[in-house]
Amino acid sequence: MNMNTDYYQIDDLLTEEHKLVRQSVREFVQQEIKPVIDKYAQAHTDIPDLMKKLGSIGALGPYIPEEYGGAGLDQISYGLIMQELEAGDSAIRSSASVQSSLVMFPIHEYATEEQKMKWLPKLASGELVGCFGLTEPNHGSNPGGMETKFVDKGDHVILNGAKMWITNSPIADIAVVWAKDEEGIVRGMVVEKEMEGFSAPETPNKWSLRASKTGELVFENVKVPKENLFPNIKGLKGPLSCLNSARYGISWGVIGAAIDCYETALQYSLERTQFGKPIGGFQLQQKKLAEFLTEITKAQLLCWRLGTLKNEGRATPAQISMAKRNNVKMAIDIARESRQILGGMGIVGDYPMMRHAANLESVITYEGTHDVHLLITGMDITGINAFS
Ligand code: TGC
Ligand code: FAD
């Protein structure tokens, strides 16, 4: 019997620091997330003080330099943190990756020194919660069509429009918002919860990511001071560059969900007896288990290589798209198939498969849908744009 999910000894490619980081997040998930996640997901409510807890283990902005409150870790550590969090639940990884890659990353890359010092340390500790507003009711896969816009009023701008499907918006203190100026150029800015005319209603009745909140961002003549605008970025490449970082984290994260399903199914298949022997002794169940481990191993190798390229500043957006698309599909397939190994037991909350599978329906859609990432790869290899 071989219960090891590191089938190709990829641990040999990790440093001691990588393994320590992974172990500490794994322990956090074992102690703080796994015992309660089903309760919160069933109740469709977020885990109290989650962001402060994530901050206390260094899971918020792990690659942001220490001078801004981050942990100053490399990209493989970031990936391993996402993997361990998503073994707990995609909603936990989502909260950490939005805060890290979609809020702290653009502030670190594009804001002034004053803005960085104002926001980053409090975001790193989880004292402040951030969200990221790109998607709109009429513009999801095509964010370049966004209608949210602002007009220049001297020392401030007036912002109008709406964003939709925004992770953590109902609990966020600040929102990184992308909107067009009077010339139609996309700009980024920080909108604060207290600003008049700004609201963030929750989107109810989700069957997915039930342990975190999703909502809208509504701007009705919101007065945003000019110092809240990012001076150092213009155009759609601003928000899209943030997506590179978040999509990379998702590629790692979903491996955690897949491993959680695989390990649960393997254990169950060895314990559950039908027709006089463990169901793991039947060829059809072994086919499933063998294919799960094969796909997990391929996904691990893809991420490790992507992480080394990212550490060297050489990972391309198209390479990241390939990993996001491949790994999310791998994970959702394993969640669905592994549930079958548990028979009827697979549908109750005592086991994680239904929750992971339902969560992964969002993950395969957000940060670029499965089909959008295929078209990005198609465009990269042919040079021909098939989007429009
Ligand atoms: P296109 O003309 O191709 O590009 C416009 C400009 O952007 C540059 N660019 C990128 N830059 C950095 N990174 C990338 N990945 C980039 N992709 C493109 C490009 O070079 C160009 O620059 P410049 O200097 O020439 O102006 O843009 P397009 O309008 O044709 O759109 C391309 C497309 C469809 C690939 C893109 O819009 C896309 O990726 N669509 C999917 C939208 C998406 O992923 N939305 C995610 C919203 S956030 C979210 O889902 C968070 S979930 C969080 C959670 O809970 O975990
Ligand atoms: P659409 O763009 O309308 O796509 C519908 C279908 O059409 C998809 O299957 C798509 O692949 C297909 N399609 C679209 N264009 C093409 C084409 N050219 N060729 C072929 N097929 C095409 N956004 C944020 O900005 N911030 C967040 O924090 C955030 N969090 C989210 C959390 C959740 C739980 C969810 C579900 C979404 C979140 N999103 C967020 C939004 C997410 O990024 C979008 O849902 C996603 O980009 C797809 O947009 P859409 O839902 O409008 O679908």
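Predicted model: local features only at pLDDT ≥ 70, side-chain atom pairs only at ≥ 80, totals over all residues.
Now the largest pocket. About 1100 Å³ of space lies in it. It is lined by 42 residues, and T135, T365, Y366, E367 and G368 lie nearest its centre. The elements that give two or more residues to this lining are α5, β3 (156-167), α7, α9 (317-341) and α11 (370-382). Here too I can name the main contributor: the largest share, seven residues, comes from α7. The classes in this lining are 19 nonpolar, 18 polar and five charged.

What sits in there? Ligand 1 takes up space that is the largest pocket, and the space taken by ligand 2 is also the largest pocket. I will take the two ligands in turn.

Ligand 1 has 24 residues around it, and those that come nearest are S94, T167, N244, R247 and E367. E367 has come up already, as one of the residues nearest the centre of the largest pocket. In S94, a side-chain N or O atom is 2.6 Å from an oxygen atom of ligand 1. In R93, the corresponding distance from a side-chain N or O atom to an oxygen atom of the ligand is 3.3 Å. The backbone takes part as well: a polar backbone atom of S141 is 2.9 Å from a nitrogen atom of ligand 1. Taken alone, ligand 1 exposes 1100 Å², and the protein buries 70% of that.

Which elements give two or more residues to the shell around ligand 1? They are α5 (90-110) and α7 (237-271). The largest share is six residues, and it comes from α7. The shell divides into eleven nonpolar, nine polar and four charged residues.

On to ligand 2. Of the 17 residues around it, F132, T135, S141, W165 and T369 come nearest. S141 is the residue whose backbone also makes the contact with ligand 1 that I described.

The contacts I have for ligand 2 involve nitrogen atoms of the ligand. A polar side-chain atom of T135 lies 2.7 Å from one. A backbone N or O atom of W165 lies 2.7 Å from a nitrogen atom of ligand 2, and for a backbone N or O atom of F132 the distance is 2.9 Å. Taken alone, ligand 2 exposes 980 Å², of which the protein buries 67%.

Which element gives the most to the shell around ligand 2? That is β3, with three residues. Both β3 and α11 supply at least two residues of this shell. By class there are eight nonpolar, seven polar and two charged residues around ligand 2.

For the shell around ligand 2, the element to look at is β3.

Definitions and conventions
Residues numbered from 1 in each chain as written. Chains lettered and ligands numbered in written order. Heavy atoms only, no water. Near = heavy atom within 4 Å. Polar contact = N/O pair within 3.5 Å; in protein donor to acceptor, adjacent residues only side chain to side chain. Areas by Shrake-Rupley, 256 points an atom, 1.4 Å probe, with all protein chains shown as cover. 1 Å grid on protein atoms, 1.4 Å probe; cavity = no way out; pocket = protein on both sides within 12 Å on 5 of 7 lines; lining within 4 Å. Sits in = over half its atoms within 2 Å of the grid points. Helix = DSSP H or I, 4+ residues; strand = E, 2+ residues; numbered from the N terminus. Nonpolar A, V, L, I, M, F, W, Y, C, P; charged D, E, K, R; others polar. Points joined across faces, edges and corners; volume = space filled by probe spheres on them.
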